[in-house]
Amino acid sequence: MRRLIFTFVTIIISFIMQTTVFRYVDFGGIVPNLLIILTSAFAFMRGDKSGMWVGFFCGFLVDIFFGTYLGFYALIYMYLGFVIGKFNKIFYPENILLPLLLIVSSDFLFGFICYVLLFMFRNKYDLGYYMMNVIIPEVVYTSLVAVFLYPLLVRMNTYLEDIEQRSAKKFV
């Protein structure tokens with residue numbers, strides 16, 4: 001139950017931070033995608049099912065407040081959470097390089113999928129402009145924030161796992 005509450009609160013806080021606080025610290029209108037960091041981190045730490053659920057709820061929040069189609073972002077985040085969750089088998093809490101690489105690749109893939117589905121199908125073919133002015137700056141900014149946010153999420157996950165193991169030992 002603690003994990004569920006922690007996950008819910010983390011999603012809400014990340015969404016609020018991404019849509020309010022980081023709007024004041026943007027660079028050229030680009031803000032870091034905290035929800036991608038959250039989805040990727042939870043998927044990598046907890047597996048594909050957890051990644052799918054966190055991704056779905058993160059995307060659903062984006063759909064409700066900013067999306068034109070309900071479920072569009074939820075589906076993208078959910079698929080990203082599922083794919084990154086497959087890397088859970090090689091999760092080591094002290095390793096930051098692989099999770100950072102997964103966060104960067106998922107943010108790049110998210111931007112590219114959004115370009116293809118939202119712009120290219122409407123005959124807006126300027127991929128170079130979109131790549132240099134939206135996707136790459138967001139990936140860089142997200143990776144810089146992930147360097148500081150991911151270790152915090154790992155510490156919280158480790159703390160919750162310790163609590164779960166201690167409470168499981170009480171009942172044995």
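The questions below concern a predicted model and take up its pocket, its surface, its salt bridges and some pairs of residues.

Visitor: Which helix supplies the largest share of the lining of the largest pocket?

Guide: Several helices take part: helix 1 (2-19), helix 3 (48-66), helix 4 (72-85), helix 5 (97-119) and helix 6 (127-170) each give at least two residues to the lining. The largest share amounts to six residues. The helix that supplies this share is helix 5.

Visitor: How many residues of the lining of the largest pocket are charged?

Guide: Among the lining residues, Gln18, Arg23, Tyr73, Phe110 and Glu138 lie nearest the centre of the pocket. By class, the lining divides into 15 nonpolar residues and five polar ones, and the number of charged residues is three.

Visitor: Which residue forms a salt bridge with Arg3?

Guide: The structure holds three salt bridges. In the one that involves Arg3, the closest N and O atoms are 3.0 Å apart, and the partner is Glu164. Arg3 lies in helix 1 and its partner in helix 6, so the pair ties together parts that are 161 residues apart in sequence. The residue asked for is Glu164.

Visitor: How many residues apart in sequence are the parts tied together by Glu161 and Arg46?

Guide: The side chains of Glu161 and Arg46 meet in a salt bridge, with 3.1 Å from N to O. Glu161 lies in helix 6 and Arg46 in helix 2 (residues 34-46), so the parts that the pair ties together are apart in sequence by 115 residues.

Visitor: What is the relative accessibility of Arg46?

Guide: Glu161 has a relative accessible area of 26% and is partly exposed. Arg46 also counts as partly exposed. Its relative accessibility is 31%.

Visitor: Where does Asp48, the salt-bridge partner of Lys86, lie?

Guide: Lys86 and Asp48 form a salt bridge, and their closest N and O atoms are 2.8 Å apart. The pair links distant parts of the chain, 38 residues apart, with Lys86 in the loop between helix 4 and helix 5 and Asp48 in helix 3. Lys86 counts as partly exposed at 43% relative accessibility, whereas Asp48 is buried at 18%. The location of Asp48 is helix 3.

Visitor: What distance separates the C-alpha atoms of Ala74 and Gly59?

Guide: Ala74 lies in helix 4. At 1% relative accessibility, under the 20% limit, Ala74 counts as buried. Ala74 and Gly59 are 15 residues apart along the chain, and their C-alpha atoms are separated by 3.6 Å.

Visitor: What distance separates the C-alpha atoms of Arg2 and Ile163?

Guide: Arg2 lies in helix 1 and counts as exposed, with 53% relative accessibility. Along the chain, Arg2 and Ile163 are 161 residues apart. Their C-alpha atoms are separated by 9.1 Å.

Visitor: How far apart in space are Pro32 and Phe66, C-alpha to C-alpha?

Guide: Pro32 is found in the loop between helix 1 and helix 2. At 0% relative accessibility, Pro32 counts as buried. In sequence, Pro32 and Phe66 are 34 residues apart; in space, C-alpha to C-alpha, the separation is 16 Å.

Note on methods. Residues are numbered from 1 along each chain as its sequence is written. This is a predicted model: local features need pLDDT of at least 70, side-chain atom pairs count only at pLDDT 80 or more; totals for chains, interfaces and linings use all residues. Side-chain values use heavy atoms; hydrogens and water are left out. On a 1 Å grid over the protein atoms alone, a cavity is a set of points where a 1.4 Å probe fits but cannot get out, and a pocket is an open set with protein on both sides within 12 Å along at least five of seven lines; lining residues have an atom within 4 Å of a point. Helices (H or I, at least four residues) and strands (E, at least two) are DSSP runs, numbered from the N terminus. Ala, Val, Leu, Ile, Met, Phe, Trp, Tyr, Cys and Pro count as nonpolar, Asp, Glu, Lys and Arg as charged, and the others, Gly among them, as polar. A salt bridge is a side-chain nitrogen of Lys or Arg within 4 Å of a carboxyl oxygen of Asp or Glu. Buried means under 20% relative accessible area, exposed over 50%, partly exposed in between (1.4 Å probe, protein chains only).
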